[in-house]
Amino acid sequence: MGDDVISVRGLTMGFGDRVVMRDLDFTVHRGEVFVVMGASGCGKTTLLRHLLGLQEPTAGEVRYDDESFTSAPRDARERILRRVGVLFQGSALWTSMTLAENVALPLEQFTPLPASSIRAVVRLKLSLVGLGGFEDYYPWELSGGMQKRAGLARAISLDPEILLIDEPSASLDPPTARRLDALILQLRDALGTTAVVVTHDIATILGIGTRALFLDGEAQRVIAEGAPAELRSSGPASVRAFLGGSVARP
Ligand SMILES: Nc1ncnc2c1ncn2[C@@H]1O[C@H](COP(=O)(O)OP(=O)(O)OP(=O)(O)O)[C@@H](O)[C@H]1O
């Protein structure tokens with residue numbers, strides 16, 4: 001397997017006649033935490049939806065390894081997506097199910113494992129995110145940070161190679177958000193997962209991003225790509241300002 005896990009080529013995204021972002025070109029490398037950043041409304045979530053096939057490109061394509069996802073038939077897309085775990089912004093847990101039932105759901109749907117093995121995997125995944133012992137709790141009995149961690153446990157239930165995470169720190173207080181950042185790194189290290197994280201949280205970007213892409217909503221294009229700390233010190237002025245770096249000319 002090569003080092004390029006996801007490649008986006010000439011991707012233009014829009015709604016009807018309205019273009020949100022044009023000519024996106026980037027590659028996500030194996031094992032990195034790749035951050036998609038930009039101001040609210042620039043198209044970060046829309047990009048994630050394209051990576052999942054929930055929205056079709058106006059132009060261009062998404063590739064996983066060396067296989068076109070965009071032009072793949074439905075069964076090939078499903079096979080590719082089996083390698084991808086997703087944590088949506090609101091965690092998207094089923095509120096009428098316990099944490100164990102939530103995490104078990106993908107295992108029941110996509111593996112032939114017997115119930116006893118599923119229970120063991122569920123316990124392992126919940127303990128990996130620090131929720132060992134919370135198997136029988138319902139999502140509404142948990143804090144926002146715990147709900148996100150439960151969402152992560154479900155996202156990793158099928159041992160995905162790739163994790164797509166939308167706004168991990170949204171609606172969390174800063175210390176809880178930092179703990180979730182640390183957990184994303186831990187999972188990457190423990191499971192060898194490649195992560196794509198969509199966020200406008202500067203602490204997350206600088207804290208866990210290996211490389212980052214800056215989407216400029218007004219220009220409707222990418223205006224910077226690179227290591228977050230480098231972009232903060234020597235990226236374009238608007239990116240430096242976004243990342244809280246100095247905007248004075250050197
Ligand atoms: N279903 C839709 N129909 C039409 N326009 C949409 C739709 N969904 C999103 N948009 C528009 O597309 C643009 C990008 O939205 P998107 O949610 O991808 O931004 P974002 O960068 O993720 O924002 P945020 O950080 O606030 O979540 C916005 O201008 C939004 O209004």
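**Briefing: fold, sheets and ligand shell**

Glycine 207 is found in helix 7, which covers residues 202-208. The model is a predicted one. The protein chain has nine helices and ten strands. Its radius of gyration is 18 Å, close to the 18 Å that the globule rule gives for 250 residues, so the chain is as compact as a globular protein of that length.

**Overall dimensions and packing**

- The C-alpha atoms of the protein chain fill a box of roughly 60 × 45 × 35 Å along the principal axes.
- Buried residues make up 37% of the 250 residues in the chain.
- Take the contacts in the chain with a separation of 6 or more: 65% of them involve residues 24 or more positions apart.
- Glycine 207 has 17 C-beta neighbours inside 10 Å.
- Glycine 207 and proline 114 are 93 residues apart along the chain, and their C-alpha atoms are separated by 40 Å.

- Four strands form an open sheet in the order 2-1-4-5, and their pairing is antiparallel.
- Strand 2 (18-29) and strand 5 (67-68) stand at the edges. Each has a single partner strand, so one side of each is left without a neighbour in the sheet.
- Helix 1 (residues 44-51) packs on this sheet and touches strand 1 (4-15), strand 2 and strand 4. The direction of helix 1 makes about 120 degrees with that of strand 1.
- Strand 1 and strand 2 run antiparallel and are joined by eight bridges. In this pair, aspartate 4 stands opposite histidine 29 of strand 2.
- Strand 1 and strand 2 also form a hairpin, with two residues between the strands. Glycine 16 in that hairpin takes a positive phi near 60 degrees.
- Strand 1 and strand 4 run antiparallel too, joined by five bridges. Arginine 9 has glutamate 61 in strand 4 as its bridge partner.
- Strand 4 (residues 59-64) pairs with strand 5 in the antiparallel sense over two bridges. Arginine 63 has serine 68 in strand 5 as its bridge partner.

**The loop between strand 4 and strand 5**

- Which residue in this loop deserves a look at its backbone? Aspartate 65 is found in the loop between strand 4 and strand 5.
- Phi of aspartate 65 is near 50 degrees, a positive value in a residue other than glycine.
- Aspartate 65 has 16 C-beta neighbours inside 10 Å, so it counts as partly exposed.

- Six strands form a second open sheet in the order 6-7-8-3-9-10, with mixed pairing.
- Strand 6 (84-87) and strand 10 are the edge strands, and each pairs on one side only.
- Neighbouring strands of this sheet are turned by 15 degrees against each other on average, direction ignored.
- Helix 6 (residues 174-191) lies across strand 3 (33-37), strand 7 (162-166) and strand 8 (194-199). Helix 6 runs at about 160 degrees to strand 8.
- Strand 9 and strand 10 pair in the antiparallel sense over five bridges. Leucine 213 stands opposite glutamate 225 in strand 10.

**The hairpin of strand 9 and strand 10**

- Strand 9 and strand 10 form a hairpin with four residues between them.
- Glutamine 220 is found in the loop between strand 9 (211-216) and strand 10 (221-226).
- Glutamine 220 has a positive phi of about 60 degrees although it is not a glycine.
- Is glutamine 220 partly exposed or buried? With 18 other C-beta atoms within 10 Å, glutamine 220 is partly exposed, because a buried residue needs 20 or more.

**The ligand shell**

- Which residues surround the ligand? They are Phe15, Val20, Gly38, Ser40, Gly41, Cys42, Gly43, Lys44, Thr45, Thr46 and His200.
- Helix 1 gives the largest share of the shell, three residues.
- By class, the shell has three nonpolar, seven polar and one charged residues.

Conventions: Residues numbered from 1 in each chain as written. Predicted model: local features only at pLDDT ≥ 70, side-chain atom pairs only at ≥ 80, totals over all residues. Pairing = 2+ DSSP bridges. Contact = placed C-beta atoms within 7 Å. Axes fitted to C-alpha atoms, helices over the stretch in contact; angles between N-to-C directions. Rg over C-alpha atoms; globule rule 2.2 N^0.38 Å. Buried ≥ 20, exposed ≤ 12 C-beta atoms within 10 Å, placed from the backbone. Near = placed C-beta within 6 Å. Nonpolar A, V, L, I, M, F, W, Y, C, P; charged D, E, K, R; others polar.
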